[in-house]
Every structure is written in C-alpha cells, then in structure tokens.
Amino acid sequence: MMKKLLEGKNAIVTGTARGIGHKVVEVFAMHGANVWACARTQTDEFEAYCKSLSEQYGVIVEPVYFELTDKEQIVQAVKTIRGSQRQIDILVNNAGITYNALFQMSNEEQIRRTMDVNFVAPYLFSQYIIKLMLRTGGGNVVNIASSAALDGNSGRSIYGASKASVVCATKAMAEELGSKNIHANSIAPGITQTDMLSSMTDEVIAETVNATDSKEAGTTTDIANACLFLASDLSSYITGQVLRVDGGM
C-alpha cells in the first residue's frame, strides 16, 4: 500500500480551479492532507470536484473563493481559513497568469497586472499565512515559479521577471524564517501541458519540446509530485532552493 506522505497535514493551495493547482489538490488529498482549495470563482463543477476528493480519500477538501489581487478578499479568505481551527502546515502559491510579448511591445497595463498577480498578490497572501504558521511551530512554503525566471526567454521578459521575483523572495524567505522552522522552496516548471500553452503557437511549442532532453512536455502530475516532495518530510533539509521540473531544458 502506498505510504501517505502528508497524513494529517493541512495545506493551502491557490489557483486550484484548473491546471497544476487542480492536480496538486488531488495529489495532496491522495496522500492524506486536508486542503483549502483556493479559486477565484465558485462553480458547481469545482464544488463537485472538491467533494469527490473528500469522499474518495477521507480528507477535508474545502473550497475557498477570492480574487488574489483584492486585499479585502484576501483578508476575508484568511479569516475563513483561520476559522477552521486547523493548523496550517503547507502553503502552495500556484495561482498565476502568463503574458507573452517582445520587450518593445509589452504594454504598461499588462506589465503591472502580471507583476500584481504573479508576485505582489502571493507575496502579500504569504505574509498572512506565514504569520499563522509561526503561531503553531512552522511549515513548508512551495512557490510555483517558472523556467522562464531562470532562462530569460525571448518574448517572456515580463512573465519571466514576475517569476524571477518569486524566486528571489523565496530565497529571502527561507533565510529569514529558517530558524523559525519554516522552509521555503520554489519549483520552476518548463513547458507543461496546461491551458497556458494556448498563449504559444504550435511552432513555438514544438520547438520548445524539442529543446528538452526528454523530447516531451511535462504534465501537471509531474509538477504536483514535485510539490508533494517539497511539502513532505522527505525534503526536511531542503530550503531556499529552486527545483527545475523541465525535462532537461
């Protein structure tokens, strides 16, 4: 029988309505974690998804709805989470948007929105959640960055910069909070089979996949399993690191 790596743990995951976050909730529930599944919009489909995971794995998968760039909604979401009286052991900051444009073609509105969603919002949300973690002895923070944060790809200067900010903040967080038993790491996915690929042309997708050592795109399961590792006791001596999950780009 598979060992449950997160048995009895409580996790917050953002951006869970689809893609990587959707799969992280499933993998965490499978491994025994109770999950606050954070999403922007309530739908019957998402409610049913959370309920089915709860029933299948015997855990609590509780949807929490808020707009990550709205401070008042963040505060209300934190109150909802705190009101459950469950200790917070894990935070996965996954919610984000993509934006592709050449440097000279990037417009100010999109620059600011990309930074707000990908960096400012999770930064502020983390401040609230880590304050709660500190009260109960620590925890693990996993931030989803991107290989674009490390590689500086053409056409991805804004997206890459927003995710590079995540990487930098993660390293500083790890250094500042390590003595308080809070570990912080980031994951840098490469090309991954999510609907974010729709922002790329078929030609660019094929070229990027061909540039990997594995000659294939990653899956949401690949990224979710990396999250599982960093959220579990298997990574107890790992902090301040960037784990590339990119098929060898």
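## Helix packing and a pocket

Helix α1 (residues 19–30) packs on helix α2 (residues 44–57) at an angle of about 20°, with the axes 9 Å apart. The model is predicted: local features need pLDDT of at least 70, side-chain atom pairs count only at pLDDT 80 or more, and totals for chains, interfaces and linings use all residues. Residues are numbered from 1 along each chain as its sequence is written, and side-chain values use heavy atoms, with hydrogens and water left out.

Axes are lines fitted to C-alpha atoms, for helices over the stretch in contact, with angles from 0 to 180 degrees between N-to-C directions. Helices (H or I, at least four residues) and strands (E, at least two) are DSSP runs numbered from the N terminus.

| Helix pair | Axis angle | Axis distance |
|---|---|---|
| α1 and α2 | about 20° | 9 Å apart |
| α3 and α4 | roughly 25° | within 11 Å |
| α4 and α6 | roughly 20° | within 8 Å |

**α1 and α2.** These two helices are therefore roughly parallel to each other (angles under 35 degrees; over 145 is roughly antiparallel, 65 to 115 roughly perpendicular, the rest oblique). Their crossing is right-handed (the near helix is turned clockwise from the far one by less than a right angle; anticlockwise is left-handed). His-22, Val-25, Glu-26, Ala-29 and Met-30 of α1 meet Phe-46, Tyr-49, Leu-53 and Tyr-57 of α2. Contact means heavy atoms within 4.5 Å. The α1–α2 contact residues divide into seven nonpolar, one polar and one charged. Nonpolar covers Ala, Val, Leu, Ile, Met, Phe, Trp, Tyr, Cys and Pro; charged covers Asp, Glu, Lys and Arg; the others, Gly among them, are polar.

**α3 and α4.** Helix α3 spans residues 71–83 and helix α4 residues 108–135. They are therefore roughly parallel to each other. α3 passes α4 in a right-handed crossing. On α3, the contact uses Lys-71, Ile-74, Val-75, Val-78, Ile-81 and Arg-82; on α4, Ala-121, Phe-125, Tyr-128, Ile-129, Leu-132 and Arg-135. By class, that gives nine nonpolar, no polar and three charged residues.

**α4 and α6.** The axes cross at roughly 20°, which makes α4 roughly parallel to α6. The crossing is right-handed. Among the contact residues are Tyr-123 of α4 and Ala-169 and Met-173 of α6. The α4–α6 contact has 12 nonpolar, four polar and one charged residues.

**Second largest pocket.** This pocket holds about 340 Å³ of space. Of its 20 lining residues, Tyr-123, Ser-126, Gln-127, Ala-169 and Met-173 are the closest to its centre. α4, β5 (139–144) and α6 (157–177) each give two or more residues to the lining. α6 gives the most, with eight residues. The lining divides into 11 nonpolar, seven polar and two charged residues. A pocket is an open set of points on a 1 Å grid over the protein atoms alone, where a 1.4 Å probe fits, with protein on both sides within 12 Å along at least five of seven lines; lining residues have an atom within 4 Å of a point. Points are joined across faces, edges and corners, and the volume is the space filled by probe spheres set on them.
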